Amino acid sequence: MSSSPEYATFHFHALHHADQPLLLPNAWDVTSALALAGAGYAAVGTTSLGVAAALGCPDGEARPEVREATLALARRLSGRLACPYTVDIEGGFGGDIGQVSQLAAELAEAGAAGLNLEDGLPGGEGLQDPVRQAELISALKERAPGLFLNARVDTHWLADAPPPLSVTLARAESYLAAGADGIFVPGVTADEDVSVLAAEIPAPLNILFAPGRHTVGRLAELGVRRISTGSLLFRTALQATLTAADAIRTARRPEDAAGGEVMGYQEVQRLVGEE
């Protein structure tokens, strides 16, 4: 693939309209992004939980240090991946419209092909006013028009009793009218709900993969155009770390406990050493 940022952005947009949905694995640092890109994935995303947790911070609290780490990661990925990458910026890290728009411009300048913007308030304190969120989306698209803006609707995220799908659809309609390129509804797992969203939203629908509930093939049949892993890979890697450490403590081989081969030291060195 061409290293041109313009081509990467064009290609990333096109991946949402291909014959098969875009399976987007989410990385948390340069090494995980390089490994995923090297494994042949068509694009790579970042996970806000992984980036925040690597700093010792909770996710979704609009912390300035997580904002800086997110931007720094985007800059470090510039020119290093053989595929486009998109960046999760939570809800804009608590910035006003001008500050979040500036962040979008800096991400575009760094070479990112897209961004995720959620409408959940920091700390899980409910949802952003949809009118204000639409204004933010419009400002971001004006400042960085080439980025694929994936507008996340958090009506079903961490909600014990989510509202009717009509509420989700109304927000999606407002965000698309403001210039969003796609809609992301994490937390939706039932086939019938996914099917309704895919049919009613006139833009690429992004669903968060739920192990045990979803398969890529079934989501494709339901009309989903993008499937994200979110923090799943980061959490799996963390659990594998604990499993391997426990295997050493109990005199087992780490690769047996982890259920497969362990990436070698020199392989990691080679991976991060490639320019």
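In this predicted model, the axes of helix α5 (residues 97-110) and helix α6 (residues 130-143) come within 9 Å and cross at roughly 40 degrees. Axes are lines fitted to C-alpha atoms, for helices over the stretch in contact, with angles from 0 to 180 degrees between N-to-C directions. α5 and α6 are therefore oblique to each other (under 35 degrees is roughly parallel, over 145 roughly antiparallel, 65 to 115 roughly perpendicular, and the rest oblique). The crossing of α5 past α6 is right-handed, the near helix being turned clockwise from the far one by less than a right angle. Contact (heavy atoms within 4.5 Å) involves I97, V100, S101, Q102, A104 and A105 of α5 and R132, E135, L136, A139, L140 and R143 of α6.

Helices (H or I, at least four residues) and strands (E, at least two) are DSSP runs numbered from the N terminus. In strand β8 (residues 205-208), L205 and I207 point one way, N206 and L208 the other, and all are buried, meaning under 20% relative accessible area with a 1.4 Å probe, protein chains only.

β8 pairs in parallel with strand β7 (residues 182-184) over two bridges, pairing requiring at least two DSSP bridges. Here I183 is opposite L205. β7, helix α8 (residues 191-200) and β8 form a right-handed β-α-β unit: with the strands pointing away from the viewer, the path from the first strand over the helix to the second runs clockwise. The crossover from β8 through helix α9 (residues 216-221) to β9 is also right-handed. Strand β9 (residues 226-228) runs parallel to β8, joined by three bridges, and L208 stands opposite S228.

Residues are numbered from 1 along each chain as its sequence is written. Local features need pLDDT of at least 70, side-chain atom pairs count only at pLDDT 80 or more, and totals for chains, interfaces and linings use all residues, while side-chain values use heavy atoms, leaving out hydrogens and water.

Key. Buried means under 20% relative accessible area, exposed over 50%, partly exposed in between (1.4 Å probe, protein chains only).
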